[in-house]
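Could you walk me through this model in my viewer, one selection at a time? I would like to know what to pick next and what is there.

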Amino acid sequence: MEFDEIKKIWDAQNNQPLYVLDEQALHHRIQSKKKGVLRYANISEWGLIIVNLFAAGVLISLNAFTHAANVFMYIEAAWMFATVVYVAAHRSRRVSSSRRFDRSIHGDLDHAISVATYHVRLARIMNWNLLPLGAIMIFSGWEAGKLLKVAAVILVSYALAFYVGIKGNRVNVRRRRELQVLKEKLEAGA
Amino acid sequence: MTEKEQLEILEEWLMLHKGLIFKVIRAYTPADHDDLFQEIIIQVWHSIPTFRQEASVTTWLYRIALNTAIKWTKKEKKHAGAGPLDNIQHLLQENKTAMDERLAWLYDEIYKLDEIDRSVTLLLLEGYSYKEMSAMLGISESNVGVKINRIKKLLIAKSKKYDNHGIR
């Protein structure tokens, strides 16, 4: 072979991709991201169900044991039970809808995006749900004649929960955005 | 330069010139492609604010990729036998189906050369002038000329052996 021929062999590679996407590794990465979003969604759902059930139980018990007959506390407890029903229903719908997705790269990625989108929406709704809950608690304090003290404590704690909720949801939004960018890249490369 | 601008430049360079980086990686390491790729990308990233457009982007990238590969090879030799630092699973793998046997042979022969000769060979095959090679590698033009003569003779001799053994 003369050097010109060696150069031709070298130049020929410019028309071929030297490297290809390792689909198995990509699939593993997507599956791991999917597991991550599913885990966070599960934690949020169970957290909301347990916290609301516990808080509603405490409110009803307090009302019953102190014979306060505070109607706002019952409304608050009912609202919390409604929240539990809402979260449980949506969780059940989310779990059953997971059968729609196949186990391919695109199926797993779509599933991960779907769960991340669901989680962002759930977190937003639950965040705004704090406003009526806070308002009812203030009315409850008012009826009990402890407006200033109770209202101050409730306002501070609910405002704090609202702020933490908004901050926390930014992580969910970012996670969803990463998955959407990955999907756009895959579609662009297809 | 903001970090966002830097990232946009990196993505554009990678999109247009990643083939160049892969050639350097393939010539410098038969196995740890991901590690060297990562190292080169980090160096390219750091170099972006200092790029003054006095050289073309490809020349700039070749300079960084080759220098990084040379340093990396020396470091690897020093730490030969040590285990991998991590088990990060990367997403790129060699396209073995597309690799021409003769090209694989050529890469093997380049890999057998010392670090500087590998760089000279890559730049020679890419069509760079003596002057550009000298500037990129920090060796004199006459030294580049001597090396090129030697490398050409060596590759031609090896190719004859390769042809005679009927591997093609």
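Start by selecting B:Trp13 and B:Phe51: both residues are buried. This is a predicted model, so keep that in mind as you go. Turn the view until the two rings are clear: the centres of B:Trp13 and B:Phe51 lie 5.2 Å apart with the planes at 90°, and because that angle is over 60 degrees the pair is edge-to-face. Now colour by element of secondary structure. B:Trp13 belongs to helix H1 (residues 3–28) of chain B, while B:Phe51 sits in the loop between helix H2 (33–47) and H3, 38 residues apart from its partner.

B:Ala65 counts as buried because its relative accessibility is 0%. Show its surroundings: beyond the neighbours within four places in sequence, B:Ala65 is in contact with B:Val24 and B:Ile40.

Time to cross between chains. Over all chains there are six aromatic pairs. One of them joins A:Trp10 and B:Tyr107, with ring centres 5.1 Å apart and planes at 50°, so this pair is tilted. A:Trp10 is in helix H1 (residues 3–12) of chain A, and B:Tyr107 is in helix H4 (residues 101–112) of chain B. A:Trp10 is buried at 0% relative accessibility, and B:Tyr107 is buried at 0% too.

Finish with charges over rings. Select A:Phe3 to find B:Lys152 over its face, 5.1 Å from the ring centre. Then go to A:Tyr40, where the charged end of A:Arg39 sits over the ring at 5.7 Å from its centre.

Definitions and conventions
Residues are numbered from 1 along each chain as its sequence is written. Chains are lettered from A and ligands numbered from 1 in the order in which they are written. This is a predicted model: local features need pLDDT of at least 70, side-chain atom pairs count only at pLDDT 80 or more; totals for chains, interfaces and linings use all residues. Side-chain values use heavy atoms; hydrogens and water are left out. Buried means under 20% relative accessible area, exposed over 50%, partly exposed in between (1.4 Å probe, protein chains only). Contact means heavy atoms within 4.5 Å. Rings of Phe, Tyr and Trp (its six-membered ring) pair if their centres lie within 6.5 Å; planes under 30 degrees apart count as stacked, over 60 as edge-to-face and the rest as tilted. Helices (H or I, at least four residues) and strands (E, at least two) are DSSP runs, numbered from the N terminus. A charge sits over a ring if NZ of Lys or CZ of Arg is within 6 Å of the ring centre and within 35 degrees of the ring normal.
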